[in-house]
Amino acid sequence: MAGDGRRTNNERDAWLLETSRNAYDPAADGGGRTRLTEQDLPVYEGVIHVGLGAQPVPYRIIAVCEGMLEGHEFHALAVSTCRIACLTADVIRGKLPSSSLRRAVAAPCIKRIETLVYLIGVQMKRDIELNARMRYLPVVPHDVSGTLVSETSLEMAVRLTIGGTVYWSTIRLERFGCRWVCVVADMG
């Protein structure tokens with residue numbers, strides 16, 4: 001913490017370094033397993049190590065058919081989804097500017113997030129206790145799960161906590177060329 005009571009970005013920087021490091025090496029932690037559901041759909045499972053949580057964050061992604069992506073690509077998508085959910089939570093609660101999402105989130109989605117930032121900001125000004133809970137406690141992800149709906153669409157849910165309050169974030173990624181972009185980011 002800085003001398004004036006504000007948090008530094010050390011925790012966030014450490015988390016970004018850790019998640020970007022393991023995004024391309026899922027085998028390092030034994031993750032990235034593939035198995036089949038009862039309906040013979042492939043399931044990709046593994047863990048993401050984040051600096052803010054004591055436990056690794058498990059992920060589970062079901063694909064509608066086999067062969068669309070490889071295990072390490074599912075791991076990278078799980079890491080990206082978890083990162084987007086946590087950054088979105090920090091933007092919504094006023095800890096980061098919305099510009100921090102520009103590389104990963106589509107412009108119309110950022111506009112909707114900015115509207116939510118305004119609405120939450122008004123509520124936080126009225127409720128001092130809500131402001132304290134939302135502003136000062138860290139965002140901690142707990143699990144990531146979702147479905148690869150098609151070759152170009154992935155729908156994910158991320159469970160995270162801020163203090164003792166559980167929030168669910170819904171993230172939809174779409175592939176444009178070789179790049180996955182968040183087109184929906186919702187939190188409640």
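Visitor: Before anything else, what does "contact" mean here?
Guide: Contact means that heavy atoms lie within 4.5 Å. The model is a predicted one.

Visitor: OK. Which residues does Leu 154 contact, leaving aside neighbours within four places in sequence?
Guide: Leu 154 is in contact with Ile 61, Leu 77, Thr 81, Thr 147, Leu 148, Ile 171, Arg 172, Leu 173 and Trp 180, once those neighbours are left aside.

Visitor: Which residues touch the most other members of the largest nonpolar core?
Guide: Leu 154 is one of them, along with Ile 48, Leu 160, Leu 173 and Cys 182. That core has 43 residues.

Visitor: Where does the largest share of this core come from?
Guide: Helix H2, residues 71-92, supplies the largest share, with twelve residues. In soluble globular proteins, nonpolar side chains tend to be buried together.

Visitor: Is H2 largely enclosed or exposed, then?
Guide: Of its 22 residues, 17 are buried, so H2 is largely enclosed by the rest of the structure.

Visitor: What span should H2 have?
Guide: At 1.5 Å a residue, its 22 residues should span 32 Å. The C-alpha atoms at the ends of H2 are 32 Å apart, which agrees.

Visitor: What about Gly 94, which follows H2?
Guide: Gly 94 has a positive phi, near 85°.

Visitor: And where is Arg 93?
Guide: Arg 93 sits in the loop between H2 and H3.

Visitor: Buried or exposed?
Guide: Buried, because its relative accessible area is 3% and the cut-off for buried is under 20%.

Visitor: What does its side chain reach?
Guide: The side chain of Arg 93 reaches the backbone oxygen of Leu 137 at 2.5 Å. Not counting residues up to four places away in sequence, Arg 93 touches several residues, including Met 124, Met 134, Tyr 136, Leu 137 and Ile 162.

Visitor: Changing topic. How many aromatic pairs are there?
Guide: The count comes to one aromatic pair. Its rings belong to Tyr 44 and Phe 74, with centres 3.8 Å apart and planes at 15°.

Visitor: Why is that pair called stacked?
Guide: Planes under 30 degrees apart count as stacked, and the planes of Tyr 44 and Phe 74 are at 15°, so this pair is stacked.

Visitor: What does the pair tie together?
Guide: Tyr 44 lies in strand S2 and Phe 74 in helix H2, so the pair ties together parts that are 30 residues apart in sequence. Tyr 44 is buried, and Phe 74 is buried too.

Visitor: Where is Glu 45?
Guide: Glu 45 is found in strand S2, residues 42-48.

Visitor: Is Glu 45 buried or exposed?
Guide: Glu 45 is buried, with a relative accessible area of 12%. Its side chain is joined to that of Arg 60 by a polar contact of 3.2 Å.

Visitor: What about Glu 114?
Guide: Glu 114 counts as partly exposed, at 30% relative accessibility. Its place is in helix H3, residues 107-126.

Visitor: Now cysteines. How many disulfides?
Guide: The count comes to zero disulfides. For Cys 82, the nearest cysteine sulfur is that of Cys 86, 4.5 Å away.

Visitor: One more residue: which side chain does Thr 161 join in a polar contact?
Guide: That of His 142, at 2.9 Å. Thr 161 lies in strand S5, residues 153-162, and is buried, with a relative accessible area of 13%.

Visitor: Last thing. How many helices and strands are there?
Guide: The protein has four helices and seven strands. From the N terminus on, they run α-β-β-β-α-α-α-β-β-β-β. Buried residues make up 39% of its 188 residues.

Key:
Residues are numbered from 1 along each chain as its sequence is written. This is a predicted model: local features need pLDDT of at least 70, side-chain atom pairs count only at pLDDT 80 or more; totals for chains, interfaces and linings use all residues. Side-chain values use heavy atoms; hydrogens and water are left out. Helices (H or I, at least four residues) and strands (E, at least two) are DSSP runs, numbered from the N terminus. Buried means under 20% relative accessible area, exposed over 50%, partly exposed in between (1.4 Å probe, protein chains only). A polar contact is a pair of N or O atoms within 3.5 Å; within protein, one must be able to donate a hydrogen and the other to accept it, and residues adjacent in sequence count only if both atoms are side-chain atoms. A nonpolar core is a set of buried Ala, Val, Leu, Ile, Met, Phe, Trp, Tyr and Cys residues joined through side-chain atoms within 4.5 Å. The expected span of a helix is 1.5 Å times one less than its number of residues. A disulfide is a pair of cysteine sulfur atoms within 2.5 Å. Rings of Phe, Tyr and Trp (its six-membered ring) pair if their centres lie within 6.5 Å; planes under 30 degrees apart count as stacked, over 60 as edge-to-face and the rest as tilted.
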